[in-house]
Amino acid sequence: MIEKLKTLYTFDGNKVYVSTYDPFYSNLFGYAIKRNFKNVTELLEEWGFKRIYLADLPSDYQPYDWQKDLDSRKFEVESDYQVILDEMIIEDNKVYIDSQSSFYNKLYVLAVRKGKTINELLKEWGYERIYEKESQEETEAYSNKEQDRIGESLENVKQIQGTLSKSISTEQKIQRSRKLANEMKKLYGYRCQLCNYEKEGEYIPEIVKVDGTNYMEVHHIIPVSQYEEVEDDTNNMIDTYKNVIVVCAHHHRYLHYHDGGFEEISENKKGELFFQSRKGMKIRIFTNYHLSTKN
């Protein structure tokens with residue numbers, strides 16, 4: 001395990017970056033728990049390494065592409081999955097699987113094909129899934145960095161004012177702000193605002209592109225195609241961050257077509273936001289950094 005760290009994950013002497021999505025991180029996590037370390041960081045320090053987070057990596061450093069390595073493996077039979085699970089065992093066949101990892105998505109697809117949940121599939125194979133996270137201090141440290149990233153990204157989004165222009169050829173074409181869409185996706189870490197990533201079975205398996213980011217789309221709450229119907233002084237507010245939401249391809253179509261389409265946002269007493277369809281059906285917005293009913 002130490003040799004693998006030195007070979008694949010170490011840079012600038014003793015610095016180490018291991019993505020929490022990487023199955024090897026689960027190996028380190030299990031090793032740390034079995035030996036009564038508080039977390040992976042404490043284990044790495046015991047071995048003489050210094051753990052580095054993604055935000056602190058040098059701009060010229062290329063992390064080990066564990067996802068490419070994982071994707072190169074063939075998952076043709078169930079034993080192919082079990083080989084990786086065996087590497088992730090903490091103790092007594094207990095495994096920790098990050099629900100945001102690509103390996104989790106592969107398991108999810110297999111489980112759906114077999115008509116089971118991931119936990120049912122793991123139990124059938126003789127494994128037990130556990131959900132322990134790292135120490136409170138490390139969780140808070142990550143949370144603080146993530147809040148900084150969100151704050152900076154949100155400021156970038158606010159500075160972008162999409163402009164709509166019409167060009168007439170054989171038909172009228174509406175030009176959207178590509179920059180706004182790209183920045184919105186960055187703001188949400190290329191994750192769908194309507195998927196519930198905290199609960200198994202309530203989000204769509206992610207489509208991972210060659211650059212490692214998830215395929216996402218940007219939905220206009222007030223459709224761009226209807227901007228002529230909006231009063232003149234608010235035309236330029238259609239293609240703005242206040243009128244868009246980041247969604248997976250499934251939920252994008254869902255918002256447009258299900259139950260007549262969703263055109264309004266409402267808020268409950270807990271401050272949770274929901275899209276509401278023409279027929280009154282609601283779907284919750286699970287992740288929100290920028291939307292408000294006041295928008």
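Visitor: Strand 10, residues 244-247: which residues are on each side, and are they buried or exposed?
Guide: Val 244 and Val 246 lie on one side, Ile 245 and Val 247 on the other, and all of them are buried, so both faces are covered. Bear in mind that this is a predicted model.

Visitor: Which strand does strand 10 pair with, and in what sense?
Guide: Strand 9, residues 217-220, pairs with strand 10 in the antiparallel sense over four bridges.

Visitor: What is the bridge partner of His 219?
Guide: Ile 245 in strand 10 is the partner of His 219. Ile 245 is also one of the buried residues of that strand.

Visitor: Switching to aromatics. How many aromatic pairs are there in the whole structure?
Guide: The search finds six aromatic pairs. One of them is Tyr 9 with Tyr 64: the ring centres are 5.2 Å apart and the planes are at 80°, so this pair is edge-to-face.

Visitor: Where do Tyr 9 and Tyr 64 lie?
Guide: Tyr 9 is in helix 1 (residues 2-9), and Tyr 64 is in the loop between strand 3 (50-51) and helix 4 (66-72). The pair therefore ties together parts that are 55 residues apart in sequence.

Visitor: And is each one buried or partly exposed?
Guide: Tyr 9 has 2% relative accessibility, so it counts as buried.

Visitor: Which residues make up the aromatic cluster with Tyr 9?
Guide: Tyr 9, Phe 24 and Tyr 64 form one cluster. Phe 24 is among the buried residues of helix 2.

Visitor: How many residues of helix 2 are buried?
Guide: Nine of the twelve are buried, so the helix is mostly covered. Among them are Pro 23, Tyr 25, Leu 28, Phe 29 and Ala 32.

Visitor: What span should helix 2 have, and what does the model give?
Guide: At 1.5 Å a residue, the twelve residues 23-34 should span 16 Å. The end C-alpha atoms are 17 Å apart, which agrees.

Visitor: What happens just after helix 2?
Guide: Asn 36 takes a positive phi of about 65° there.

Visitor: Last topic, Tyr 289. Where does it lie, and what does it touch?
Guide: Tyr 289 is in the segment after strand 13 (282-284). Leaving out residues up to four places away in sequence, Tyr 289 touches Ile 150, Leu 154, Leu 187 and Tyr 188.

Visitor: How far is Tyr 289 from Gly 151?
Guide: Their C-alpha atoms are separated by 8.8 Å, although the two residues are 138 residues apart along the chain.

Visitor: What is the relative accessible area of Tyr 289?
Guide: The value is 31%, so Tyr 289 is partly exposed.

Technical notes: Residues numbered from 1 in each chain as written. Predicted model: local features only at pLDDT ≥ 70, side-chain atom pairs only at ≥ 80, totals over all residues. Heavy atoms only, no water. Helix = DSSP H or I, 4+ residues; strand = E, 2+ residues; numbered from the N terminus. Expected span 1.5 Å × (residues − 1). Buried < 20%, exposed > 50% of the residue type's maximum accessible area, 1.4 Å probe, protein only. Contact = heavy atoms within 4.5 Å. Pairing = 2+ DSSP bridges. Phe/Tyr/Trp six-rings, centres within 6.5 Å; stacked < 30°, edge-to-face > 60°.
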